[in-house]
Amino acid sequence: MSGELEQILLQLTQPENAIIQQATAQLKLAFKDPAIIPALCAVMTGSQNSQIRQSAAVMLRMRVKKHWKKISPDHRESLKAVVLQAFQQETEHTVRHSLSQLSAVMVKHETPDRWPALFTLLNQSTKSNNPMDRQVGLLLLSKVVESNPEPFKPHYRQLLQLFGTVLRDLDNPTAMYYSILTLTAMTAYTGTEEMNLMRSLIPTLIIALRHLIKADQDQASEAMEVFDELMESEVSIMVPHITEIVHFCLEVSADTTLTDSLRVKALSCIAFLIRLKSKTVLKQKLLNPILQTVFPVLSAAPPPGEEDPEDEENSNEDDTDNESPKHFAAQVIDTMALHMPPEKLFHQLMPLTQACLASDNPYERKAGLMCLAVLAEGCADHIRTKMLSSMLQTVCQSLSDSNQVVRSAGLFALGQFSEHLQPEVSKYCAELMPLLLGYMSALNQAKIGHVTKAFYALENFLENLGSEIEPYLPTLMETMLSALSNAENLKLKELAVSAIGAIANAAKEKLVPYFLPVIESLKGFLTDTRDEMRSLQTQALDTLSVLARTIGKEVFSPLAAECVQLGLNLTNAIDDPDLRRCTYSLFSAVSTVSPDCLNPHLTAITTIMLLSLKSTEGVTAHLEEDKTFVLLDDDDDDEAQGDTILDEEGTDNVDPDIAGFSVENAYIDEKEDTCDALGEIAFNTGAAFQPFLESSFQQVYELRDFPHEDVRRAAFVAMGQFCRAQHKVWQENPTEADYQALQKLLGVVLPSFLEAVHSERERQVVMGVLEAMNASPGRLQEISQAIRDVLKKRTVCQDGGGDEADDEEQQAEYDAMLQEFAAETFQPYLNELLPLIMNKAKLSYTVADRSFSVGTLGEILQSLVNVSGGRACAGKLSNQLLPVLVAGVRDSDSEVRNNSVFALGALAQAAGPLVARDYPMMLSLFSNLLSKEQDRRVIDNLCAALCRMIMSNMEGVPLEQVFPALLAHLPLKEDMEENKTVYSCLAMLYSQNPALVLSQIKPIVSASSHVLGTKDLDTETQNTLVMLLRDVAQRHSKEFEVAMKSLPAEQKMKLTGAVSQS
């Protein structure tokens, strides 16, 4: 049979299709004969044609991979012998490679202890004096260990000793390459006994990589993944050698003669090390060397006649496949910002940034701006409180730079500032809006690539503008509606639709006059079935979701049912992950306005959403080699059925030909948004969602280990929403069955939350978990321990293992933010948590830490008001808390003062007469502050704090002096929520001391005229104030009329109307 088989394989190499098809049919027939295995073995060892030998090895591998159990024991044993014999006698590298892959597949089934001849060959060849034999042996070793690392564990020490020798054989780079690949495969399975040996290999490994780079850059790039694997699995192996590793990576990053792929590997390795071990990087004084290398990479000009990818006219701003060293250099700085204390980072970073910004070279100016842009997220508090004005001035000046590359970078930086430096950046509205509107006025003249960046900056700035957007609304909407109706360029329409979403977020119901033309345009886009409309449709769905949440229930509800139907029609007609995720977000938005509209469609909606969660679409398997012979596989073999039923390998169906997987971003985004939407729909539709809760929960629960952190975060948040949904159903219908369903759900969810807090590496995911915990009805004892661990920095994502850090040490802002999430999640377990929270109020901590500390204390104290035992608890805490809060009132930062004033007021309200002895000191403190405070929010909180003191213990306040001073600072200007406190206090005073209120009726009437009938008062407070004024007007009409006379006509009319209505 072997001669015939060789002839068939030869025909497969011919260029004519007819011959190939005939040979394929003959092969399929041959594969049904059990003698196919020995025949292929004979061809693999006996053919004179290397291509035929390789084909036979590949086909044997496919046969073994799928049908090992069907191969007779005799054939298996002979195959094991033949493969090793073939490997020893083979001279062609391509055939050896295929033989090593065949051996790797066999090791999956036939573990090394059942194949002693394999060990003998590996031992002999890897220790041979002949360099070529060693190289070939190491090739085989790398493939079999990669295929199944665990059974080789007993031999790890021996292997590591072997690598120690091979990595010093600098004249045989290929042997070093195979050794490093094997080391990479072993790393995840290394035990403590091998750690020291592995650690001692690092210096040798670095020297070997240097030599490998000179010999073969592609192999070196692949070999450098050993660092990624070491960091993922056992970063402590690298810590003693972190300086050498960083210097090696910097050397590679800076060498412009090397391939981009290799330089990118080196830069991403540096970023990974900073993320995992930022304290060690700082301690070893590596920050400056890293910056000195990264800046030249970041500011390098592209080759003559070329542009950076982001500056190309047809570039897609959503394209994340920018694998350039420049892109990764920016990522290194971004990672520093997220993981290092801003004070330490800025001290060394800003001189380099300023030198770039002052340069004559446009690409250096661009680098300076890109640096400012990527700092905005990680160092937001530091920039907002210390540097915002000067950094904004720099960015604004760049918008009029003579070079478009610099202007584009300036727009990107402004967009980043707008996204991350709120609310302070919005205060520069008067300076920034004219600049941005200037860009908008030249829409049709500018290149679309540059216009895209202008829209990015505009959107991010508008998003958070709130009522400040009003003066610009007519100009903005005229520009956007004009683009929707007139622009020929679909990209410009898409940008305008997106901008309308941002405008709606700020303007809310003020957008109502423009609602109809916007909706008509969006509907037109959503019913157009042309392929080129896809991106525009996705954006239209996004903006429709924003309108549903912002425009007002009355305006949007009539459209809700139509929107649901539109979404279902789109998902049925078009297979596109972006379109699906935006449709799910629309369903979610509709559930907040009109949940009943979703109820009839919940079966259809949950079906498609769960399919999105289950789907493996967009997952690409990267194969070891081109699968030329896939068509020859015998999938249609009559005996194939039952082949996979419970082999002794169980469920391990990983294809050994697969080198790895990647998932397209669109499918990651789809899973993330599906989780978010499903959780919100479950909560908003309540009992109607019950039939779908279990199946939805199961699918979401499975994503808690998903490789991408955004999907993990969304899965945990959705699990929290499912608990809230079940809790709401039980509250509305308190049956035993619903209670048990809730307990069952919590029994699964809470342990997974706690496990994630302790072991999850990404801080954003842990913040999501803590937020979900905060919203979940839960078991407090378990949660307390998790919160305590976060506050004590004992979790994995805080680098809790290894670098022991003094708690007073500066920390990255994101670490501080994580601790804020933890404290907000948990207030009742005070005894252990309070010292940890109070500690952060010390002046040695950052503004963000101090603000968080006193803010959390204030929230805790407020939660004790009107709670059983709350007064006694607040009284006990007062001695501990007063020194911290008094110091906070004297702080140089307005936000810390504001939070401290609020906390003191909350303490007075919660403890009442128990802190009466402290009233004189508190009043003196407030009086001094009121006389010099400039910040309106602090003044508003001072007024509220005085009101809380009055309501809680009126006898302790000298009202003749305090009351007029309080009224002199009304109406409140910024913290409108405190109007409730102020007017509740006025009503109480009027009921208990009407003469005092009458003596001050003029300023009371004046302040009331500013807030009545506005959104600054909630309905209950409006009613309280109207009742008070009405009573004064009836009982003391003369005094009331005198007070009214001093009001402007419009306010007088409004007040008269409110008081006279029955």
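Colleague: Before we start, what should I know about the numbering and the cut-offs?

Modeller: Residues are numbered from 1 along each chain as its sequence is written, and side-chain values use heavy atoms, with hydrogens and water left out. Because the model is predicted, local features need pLDDT of at least 70 and side-chain atom pairs count only at pLDDT 80 or more, whereas totals for chains, interfaces and linings use all residues.

Colleague: How many salt bridges does the structure hold?

Modeller: There are 36 of them, a salt bridge being a side-chain nitrogen of Lys or Arg within 4 Å of a carboxyl oxygen of Asp or Glu. One of them pairs Lys326 with Asp308, with the closest N and O atoms 2.7 Å apart. That pair links distant parts of the chain, since Lys326 is in helix H17 (residues 325-339) and Asp308 is in the loop between helix H16 (287-298) and H17, 18 residues apart; helices (H or I, at least four residues) and strands (E, at least two) are DSSP runs, numbered from the N terminus.

Colleague: Is Lys326 buried or exposed?

Modeller: Lys326 is buried, at 12% relative accessible area, and Asp308 is buried as well, at 7%. Buried means under 20% relative accessible area, exposed over 50%, and partly exposed in between (1.4 Å probe, protein chains only).

Colleague: And which residue does Lys366 form a salt bridge with?

Modeller: Its partner is Glu310, with the closest N and O atoms 2.6 Å apart. Lys366 lies in helix H19 (residues 362-378) and Glu310 in the loop between H16 and H17, so this pair ties together parts that are 56 residues apart in sequence. Lys366 is buried, at 3%, while Glu310 is partly exposed, at 26%.

Colleague: What about Asp528?

Modeller: Asp528 forms a salt bridge with Arg530, the closest N and O atoms being 2.8 Å apart. Asp528 is buried, at 19%, and Arg530 is partly exposed, at 42%. Elsewhere, salt bridges that share partners join Asp308, Glu310, Lys326 and Lys366 into one network.

Colleague: Changing topic, where is Glu617?

Modeller: Glu617 sits in the loop between helix H31 (602-614) and strand S1 (619-623), and is partly exposed, at 33% relative accessibility. Leaving aside residues up to four places away in sequence, Glu617 touches Asp575, Arg580 and Tyr667, where contact means heavy atoms within 4.5 Å.
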